[in-house]
Amino acid sequence: MTLPPLPEESFQRVLCVVAHPDDMEYGASAAVARWTARGIEVGYLLLTRGEAGMPNPPEETARLRVAEQRAACAVVGVEHLTVLEHPDGVLVYGLDLRRDICREIRRYQPDVVLGTGYDIETPYGFDQADHRAAGLATLDAIRDAGNRWVFPEQIEDEGLAPHAVRWYIVRGHAGSATHGVEVTGEPLRRGVASLEAHAAYLAALPDHPAPEDIIPTFTAVSGKAMGVEHAVLFRAHDLQAPVDFSAETGQN
């Protein structure tokens with residue numbers, strides 16, 4: 001079955017929540033390039049500065065990686081970038097992380113939140129611990145953001161308001177995805193360029209494939225699931241859709 005496109009015609013503002021600088025650039029940024037070109041506002045929330053990702057001293061690495069992330073954002077039209085300072089490599093799932101993500105959701109007020117997966121095992125091997133912590137905390141923070149009695153100090157002291165997110169989407173693959181975004185052409189070119197913006201980080205990774213090789217390869221495989229040349233795949237959840245209890249009970 002050919003996967004349908006995401007209902008991006010209804011998207012107005014997307015918040016992408018990831019653990020590190022460069023996490024968005026492994027394919028998802030090509031979808032972001034398409035969205036921003038269509039007038040959809042996209043913001044990034046990075047939970048760490050990526051200071052444990054290179055052999056340089058941590059503070060030097062953090063400055064370098066955040067600067068490269070800003071350059072990568074510019075390539076795909078992202079103007080809103082928030083970078084938190086949770087510790088890289090040992091990101092901890094818990095109330096502190098949920099609180100910070102919830103705050104950004106309430107502040108940015110997206111109708112779509114793009115998060116990362118929280119499964120231990122993926123088609124590409126075991127996922128990194130920070131990614132899993134970020135993914136689960138993001139999922140919970142989406143619900144937190146809509147409940148005025150969760151982190152109420154953000155409402156009472158910071159002037160924020162509860163906010164209900166419509167769509168929760170996570171990168172997927174052909175076996176798990178529900179929707180896709182075609183990125184053939186200019187979005188793919190900009191997606192490749194956004195990963196190239198992380199030049200110093202990539203130079204520190206032995207034998208890392210060139211962005212112009214790795215990203216089109218990923219998106220070409222995903223494109224087959226949509227019947228297009230290049231695509232990025234997602235698992236999409238409409239959080240405001242009525243619950244279908246008949247699916248659970250087996251009733252018709």
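Author: A charge sits over a ring if NZ of Lys or CZ of Arg is within 6 Å of the ring centre and within 35 degrees of the ring normal. This is a predicted model, where local features need pLDDT of at least 70, side-chain atom pairs count only at pLDDT 80 or more, and totals for chains, interfaces and linings use all residues. Residues are numbered from 1 along each chain as its sequence is written, and side-chain values use heavy atoms, without hydrogens and water.

Reader: What makes the charged end of R13 sit over the ring of Y108?

Author: That charged end is 5.1 Å from the ring centre of Y108, and the limit is within 6 Å. Likewise, the charged end of R65 sits over the ring of Y201, 3.8 Å from its centre.

Reader: Thanks! Why is the pair of F11 and W35 called edge-to-face?

Author: Rings of Phe, Tyr and Trp (its six-membered ring) pair if their centres lie within 6.5 Å; planes under 30 degrees apart count as stacked, over 60 as edge-to-face and the rest as tilted. The centres of F11 and W35 are 6.0 Å apart and the planes stand at 75 degrees, so the pair is edge-to-face.

Reader: And what makes the pair of F11 and W167 tilted?

Author: Its planes are at 55 degrees, with 6.4 Å centre to centre. F11 lies in the segment before β1 and W167 in strand β7 (residues 167-171), so this pair ties together parts that are 156 residues apart in sequence.

Reader: How do you know that F11 is buried?

Author: Buried means under 20% relative accessible area (exposed is over 50%, partly exposed in between; 1.4 Å probe, protein chains only). F11 has 5% relative accessibility, so F11 counts as buried. W167, at 11%, is buried too.

How values were computed
Helix = DSSP H or I, 4+ residues; strand = E, 2+ residues; numbered from the N terminus.
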